[in-house]
Amino acid sequence: MILKLKKDLSSIKNNLGGWTTNKKIVVIESDDWGSIRMPNIDSFKALISQGIPADQCPFLKYDGFENEEDFECLSQTMSNIEDKHGKKPKITANYIMSNPDFDLIRQHDFSSYHYISLAQRVLSEVGMQNYRDVVINAQKEKYFHPQLHGREHVNVPLWLQFLKANSKETHLAFDQKVYGISTTITKEKRRSFLPTLDYDTQKEFNEFTQVSLIEGQKLFKDFFGYHSRSFIAPNYTWDDSVEQVLKQIGIEFIQSSRNQFVSKGGQLNGIKFKKHKTGEVNHQKQLYLVRNVIFEPSTVSNKEMCLQDCFNQISMAFLTRKPAIISMHRLNFMGSLVEQNRTDNLKLFEKLITKLLMKWPDIEFMTTDELGDLI
């Protein structure tokens, strides 16, 4: 009881300030769609056999690329949970639009970066031919709304630096076509490879960061047929210069955690934090939409407690007249590596939404950009 009270008070404190509404709005933001964090179960086993404890990181253990079966299971779950107006929950699916071309990077002795776009992968890989149709169908069913997460989910300059230096662990992962060995399990002394936009120098920004953002939006438009209006920075790491580029490519809404991470530049200089509130506007006239609820059952051992914590956080959001903006990464819906992961979490997701609709029948499910337009 005391623990719950502390959590509720913390949630209320974090919700103070910013835009308010009497509507019961729920937004689900789900990152990492389109990325290849763990290629297959063989790569997973190979990393473990080589002393990399991939089984201790949920993102390496569960986060395989989304396949047709994942969408079928998600669609079935969504058909079971509609509000009183027949509307389903909506997943704002934040997409990474390319993945490293490991073969070409190796051929160029790790001196230059090369990628395979999502569109190229769909055309070239066996079993991917129906992917576009599956995604379009999910959009037509109005539960799946792609937005931009970036061109890639790897900090290319930093990653190439470790590859060129023959870092043992980075090369072992590279051999299995894995770039994202988490800092929670790495034996290397380094910062994370995952914050794509965490640049060290103006040269890096000019030659990589802004190019990655501009190309990411172009790849998104070419694949989905429309420009993304919102953006979430990989690992919540970006700065004012990034926001200027985002403005140039048509980003109106910036998805964010409560804390924005801003690099101080350089490997050893660390990170500073900026706090944001939903409804806050920056110098580029872009709107911040801040996640205030966490539902990440794949990352915890006690899934029922995860559900209860999520429900309580939504309750506190509504109590403070805030929209509930839920963080729920792709790995929670995936079953290609561990099918039970998908099965258990979809049941839990259905249980959560059913419980919400029983408590608040007037809930409105929105996408990120729909909420942005309302504000």
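This short talk goes through the pockets of the structure above, and then through some of its aromatic rings.

Please keep in mind that this is a predicted model, in which local features need pLDDT of at least 70 and side-chain atom pairs count only at pLDDT 80 or more, while totals for chains, interfaces and linings use all residues. Residues are numbered from 1 along each chain as its sequence is written, and side-chain values use heavy atoms, with hydrogens and water left out.

Let me begin with the pockets. On a 1 Å grid over the protein atoms alone, a pocket is an open set of points where a 1.4 Å probe fits, with protein on both sides within 12 Å along at least five of seven lines, and lining residues have an atom within 4 Å of a point. The largest pocket has a volume of about 880 Å³, a volume being the space filled by probe spheres set on the points, which are joined across faces, edges and corners. It is lined by 41 residues, and those closest to its centre are Tyr236, Ile294, Glu296, Ser327 and His329. Which element gives the most to this lining? That is α1, with 5 residues, where helices are DSSP runs of H or I with at least four residues and strands are runs of E with at least two, numbered from the N terminus.

The second largest pocket has a volume of about 330 Å³. Of the 17 residues that line the second largest pocket, Ile36, Phe102, Arg121, Glu125 and Lys177 are the closest to its centre, and the elements giving two or more residues to this lining are β3 (98-100), α5 (102-107) and β4 (115-117).

Now to the rings. The structure holds 26 aromatic pairs, meaning rings of Phe, Tyr and Trp (its six-membered ring) with centres within 6.5 Å, called stacked with planes under 30 degrees apart, edge-to-face over 60 and tilted for the rest. Phe71 and Phe144 have ring centres 5.2 Å apart and planes at 80°, so this pair is edge-to-face. Phe71 belongs to helix α4 (residues 68-80) and Phe144 to strand β5 (residues 144-150), so that the pair links distant parts of the chain, 73 residues apart. Phe71 is buried at 4% relative accessibility (buried means under 20% relative accessible area, exposed over 50%, partly exposed in between, with a 1.4 Å probe and protein chains only), and Phe144 is also buried, at 4%.

Tyr199 and Phe205, by contrast, form a tilted pair, at 5.0 Å centre to centre and 55° between the planes.
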